[in-house]
Amino acid sequence: MFNKMTLRDIPPEELKGKKVFVRVDFNVPIENGVIQNDKRIRAALPTINYLLDHSAKVILCSHLDRPKGWDPKLSLKPVAERLSRLLEKEVKFIPDCVGEEVKRVVEELQPGEVALLENVRFYPEETKNDPEFARKLAELADIYVNDAFGTAHRKHASTYGITKFVKIAVAGFLLEKEIKYLQRALDNPERPLVLIIGGSKVSGKLEVIENLLKIVDKMLVGGGMAYTFLKAAGYNVGKSLVEEELIETAKRIMEEADQNGVKFYIPVDSNNAEEFSPTAKSRLTTYKEIPNDMMGLDIGPATVELFKEALLDAKTILWNGPMGVFEFEKFRFGTMAVGKIVAEHKEALRIVGGGDSVAAIELLGLEHEVDHVSTGGGAFLQFLAGKELPGVVALTDKSVEN
């Protein structure tokens with residue numbers, strides 16, 4: 001159960017004329033000042049529109065990328081312009097995020113107006129969770145709303161520290177939605193619960209695998225990490241990516257899966273190449289026949305069929321990570337095929353999270369065919385690993401106020 005206060009817990013009439021500071025995640029790709037994908041901006045619209053409809057003064061705060069000091073190329077000004085078009089009203093862009101001038105502009109906001117602060121990470125104090133910087137941000141707020149699931153795993157000033165200096169800190173609609181979907185999948189899932197996990201390295205997902213091994217009924221492993229498991233199972237994987245130091249860990253995971261009654265699937269065929277290149281010649285082999293001078297870069301059609309069969313009776317599906325080298329079109333087949341299977345499996349609750357998994361669903365035009373596409377990468381993984389998210393922990397408990 002989500003035991004933190006949300007925007008729904010504040011009586012709408014109490015929002016009127018209040019300065020509502022909303023931490024959003026507008027970390028969108030921008031090239032030459034042009035936004036390439038505004039999905040994260042659109043995801044925040046329900047919260048922003050709700051506050052504007054109830055005559056709040058809305059102050060939006062976000063980061064963009066990882067700047068080293070002030071960098072005009074990483075300004076949020078293009079985001080303010082895009083958001084103005086999406087809201088069909090002016091979004092006042094404030095070229096700083098703390099200080100007397102910012103406070104003055106915020107104080108002059110009228111009910112139903114919205115402003116966007118400059119990139120909060122222009123200040124190194126943000127990522128250091130500096131208390132004085134957090135206090136300065138809090139001076140702009142009567143109410144604090146965190147609607148940035150993508151940074152909820154960060155203990156930063158605008159996601160964590162600020163909550164120490166405001167009277168009330170609540171979850172916005174997007175953050176609430178993300179947490180509720182994940183809780184539904186992990187706390188009391190309809191079974192069978194199936195995890196599809198990919199990506200290049202076992203080390204990057206080890207905590208997720210170990211935590212979910214206690215919860216899931218089936219685990220399907222693809223991507224570069226699969227070759228560490230294949231080698232641990234005693235097969236030759238040629239020049240494929242293998243984390244030698246995790247061979248014993250991979251063996252233990254497969255043994256634990258067996259002991260826990262978890263069906264553990266690794267690829268039965270592999271699309272290989274002599275070099276890591278988008279133009280490399282590829283050769284499909286079984287998992288037992290990967291040549292010594294080749295590396296596996298994608299799962300093959302037999303593995304796709306195996307995974308499809310494993311998903312037939314699934315009632316809950318979690319998918320994180322690509323099945324191959326998704327950035328190379330030639331080795332995108334496995335990820336796209338699995339994306340199609342997940343999207344078409346309408347009998348299950350389907351949750352997709354993580355950059356390339358989400359990209360595959362979007363590329364297929366199926367993002368509206370699955371139940372939930374997460375806006376968070378690191379936060380999604382941290383939640384799956386069974387860890388607390390600082391940005392959620394810091395919010396006001398329901399029991400305190402209600």
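Buried means under 20% relative accessible area, exposed over 50% and partly exposed in between, with a 1.4 Å probe and protein chains only. The model is predicted, so local features need pLDDT of at least 70 and side-chain atom pairs count only at pLDDT 80 or more, while totals for chains, interfaces and linings use all residues. Residues are numbered from 1 along each chain as its sequence is written, and side-chain values use heavy atoms, with hydrogens and water left out.

**View 1. Helix H7 and its buried residues.** Helices are DSSP runs (H or I, at least four residues), numbered from the N terminus. H7 covers residues 173-186, 14 residues in total. From its first C-alpha to its last, H7 reaches 20 Å, close to the 20 Å expected at 1.5 Å a residue; the expected span is 1.5 Å times one less than the number of residues. H7 is mostly covered, with 10 of its 14 residues buried. These are Phe173, Leu174, Leu175, Glu176, Glu178, Ile179, Leu182, Gln183, Ala185 and Leu186. An α-helix has 3.6 residues a turn, so residues three or four places apart point the same way.

View 2. The structure holds zero disulfides, a disulfide being a pair of cysteine sulfur atoms within 2.5 Å. Cys61 is buried, with a relative accessible area of 0%. Cys97 is also buried, at a relative accessible area of 0%.

**View 3. Helices H11 and H12.** The axes of H11 (residues 301-311) and H12 come within 10 Å and cross at roughly 20°. Axes are lines fitted to C-alpha atoms, for helices over the stretch in contact, and angles run from 0 to 180 degrees between N-to-C directions. H11 is therefore roughly parallel to H12 (angles under 35 degrees count as roughly parallel, over 145 as roughly antiparallel, 65 to 115 as roughly perpendicular and the rest as oblique). On the H11 side, the contact (heavy atoms within 4.5 Å) is made by Pro301, Val304, Phe307, Lys308 and Leu311. H12 contributes Phe333, Gly334, Ala337, Val338 and Ile341.

**View 4. Helices H12 and H13.** Here the axes of H12 (residues 333-344) and H13 (residues 355-363) come within 9 Å and cross at roughly 70°. The two helices are therefore roughly perpendicular to each other. Thr335, Met336 and Gly339 in H12 meet Asp356, Ala360, Ile361 and Leu363 in H13.
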